[in-house]
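Colleague: Hi! Could you walk me through this one?
Modeller: Happy to, here it is.

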Amino acid sequence: MTGPVRVAVLGLGWAARHIWLQRLLRHPGYAVTAVVDPDPQARAAVQADAPAVRVLADVAHLDPAEVDLAVVAVPNHLHADIAARLLRQGLTVFVEKPVCLTSDEADALAAAERVGRGRLLAGSAARHRADVRALYEAAQEVGELRHVEASWVRARGVPGAGGWFTDRRRAGGGALLDLGWHLFDVLSPVLGDPVYQQVVGTTSEDFVAVGDGGATWRRDDAGGSGDVEDTARGFLVTDAGVSVALRASWASHEPLDVTRLVVEGSAARLELSCTFGFSPNRVGESSLHIVRDGRRQALPLAGEPVGAEYDRQLDQLLPILSDPSAQGRAVAEAQRTIGLIERLYESARRRPAVAAASR
Ligand SMILES: NC(=O)c1ccc[n+]([C@@H]2O[C@H](COP(=O)([O-])OP(=O)(O)OC[C@H]3O[C@@H](n4cnc5c(N)ncnc54)[C@H](O)[C@@H]3O)[C@@H](O)[C@H]2O)c1
């Protein structure tokens, strides 16, 4: 490929405007040539910032010959449909998380990727955070892996409360699908691809049910209820006996938004405390500790601006775009992730319903 990668951005909402468009527009390796959104206001806002970009109302008007890469940042229920259609046309498609909502959708994406011979790429920015990379590096020292914990617990951070994010039909699920997808994604390099013998989970909706806990940084604090969970907890055990404890909460009783990753092995335990995402209600600095032989030692971490992982992911996409071995990789991970999320939801559904408590 010579010259910058020609990009179309589909969906011009919060993620496109606050994460992707500004980064793509200033990155020398990419040229945004088209944007698509049925909403005239969203189109007008982008047109004002990027007058040279073709602005379309419908993905059907996108000419695949004029685009090398499509970035799909539409509401969740449209991801698989739109991505599969573009993949069948031979495009390479970067899909925001959650890549898909069911295993059937994941299989359809895999088939579309094979037919069109493009590549499916997935939003997995958190792996590119400096603190997470330091955790991966230090994980070499924990010995035999025994247990992993991953939690992302927001004080208040229900996205788009009352809109599509909290509507099961369009979102596919709540905090588990939204934040939990990131957590599985981050754990993937640590855990590999094990068989999970046991998967149990619970969900609750104490905040979403009463329209409490909107994400202020998205200006989503106007309220509005929904029918998805705001909290999911899971416990998984691999066939090698490694246990995984997971918690994803859009809202909680906590004062700050905290992401914690713990990797415990036969020789040591690692603890990373930080805040994923863009919430201003974050822990001051990320911290990474190693605990062994009764001593707890801080490991050095390079500081970085909020959102640096998205720049890094864009840098790392460029070589992948011309790497034939990348075909099938992201879709295989999406198949694993959605499979586990389905099992957690299934487990939560089998439990007696817990009514939302009055708060
Ligand atoms: N990686 C991250 O950190 C991160 C952060 C926020 C959101 N996201 C993901 O990005 C996606 C979008 O989220 P958001 O917060 O921007 O939502 P949003 O509601 O703000 O924006 C969605 C946009 O898609 C547009 N749209 C609807 N149907 C369309 C179609 N057929 N073709 C083109 N555009 C269409 C809507 O008009 C809207 O402008 C979601 O899947 C979400 O999970 C990821």
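Modeller: A word on naming: helices (H or I, at least four residues) and strands (E, at least two) are DSSP runs, numbered from the N terminus. Residues are numbered from 1 along each chain as its sequence is written. This is a predicted model, where local features need pLDDT of at least 70, side-chain atom pairs count only at pLDDT 80 or more, and totals for chains, interfaces and linings use all residues.

Colleague: Thanks! Where is R117?
Modeller: R117 sits in the loop between α4 and β6 (120-122). R117 has a positive phi of about 65 degrees although it is not a glycine.

Colleague: Is R117 buried or exposed?
Modeller: R117 is exposed, with 11 other C-beta atoms within 10 Å. Here buried means 20 or more other C-beta atoms within 10 Å of a residue's own, exposed 12 or fewer, and partly exposed in between, with C-beta atoms placed from the backbone.

Colleague: And what about the phi of D293?
Modeller: D293 has a positive phi of about 50 degrees, and it is not a glycine either. D293 lies in the loop between β13 (287-292) and β14 (295-299), and it is exposed, with 6 other C-beta atoms within 10 Å.

Colleague: New topic: which residues does the cis peptide bond join?
Modeller: The cis bond joins K97 and P98, with omega about -10 degrees. P98 is in the loop between β5 (92-95) and α4.
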